[in-house]
Amino acid sequence: MDKEEIMEAIENMTVLELAELVEELEEKFDVSAAAPVAMAGAPAAGGDAGDEEEQTAFDVEITSGGDKKIKVIKAVREVTDLGLKDAKALVDEAPNTVKEGLEKEEAEEIKEQLEEAGATVELK
């Protein structure tokens, strides 16, 4: 089978079939398809290898419920789909992640709401 036949076979695959193929290739050859992409992006940024990439996804973590736990629990319920019991447990057992994978603006808004209620919050 030559390169053209392989390319034609890949072009005719569904997204699911292609994803499975990539997974099988990664397992067979003990490689990761994501690694070359990450390495290729670093020099294009023009920075040193030691520079960190700008964070695009943020997690909102409550580190302390503070003195006004009832207000904090209410604020947690407003920004999540948690019920009273789960929100209370999240606040009582701090540090806990309230929401994950948010854009910077949304994460900062949630952080502000929780801090106004009396919680100590970090963005990670």
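**Charged side chains and their pairing**

A salt bridge (a side-chain nitrogen of Lys or Arg within 4 Å of a carboxyl oxygen of Asp or Glu) joins the side chains of Lys88 and Asp92, with an N to O distance of 2.6 Å. The model is predicted, so that local features need pLDDT of at least 70 and side-chain atom pairs count only at pLDDT 80 or more, whereas totals for chains, interfaces and linings use all residues. Residues are numbered from 1 along each chain as its sequence is written, and side-chain values use heavy atoms, with hydrogens and water left out.

Lys88 and Asp92 are separated by about one helical turn because they stand four residues apart in helix α5 (residues 84-92); helices are DSSP runs of H or I of at least four residues, numbered from the N terminus. Lys88 is partly exposed at 42% relative accessible area, as is Asp92 at 34% (buried, under 20%; exposed, over 50%; partly exposed, in between; 1.4 Å probe, protein chains only).

The structure holds five salt bridges. In one of them, the closest N and O atoms of Lys111 and Glu115 are 3.9 Å apart. Both residues lie in helix α6, four residues apart, or about one turn. Lys111 is partly exposed at 25% relative accessibility, and Glu115 is partly exposed at 38%.

Glu122 and Lys124 form a further salt bridge, their closest N and O atoms lying 3.8 Å apart. Through salt bridges that share partners, Glu61, Glu122 and Lys124 are joined into one network. Glu122 is partly exposed, with a relative accessible area of 37%, and Lys124 is likewise partly exposed, at 45%.

Technical notes. Helices (H or I, at least four residues) and strands (E, at least two) are DSSP runs, numbered from the N terminus.
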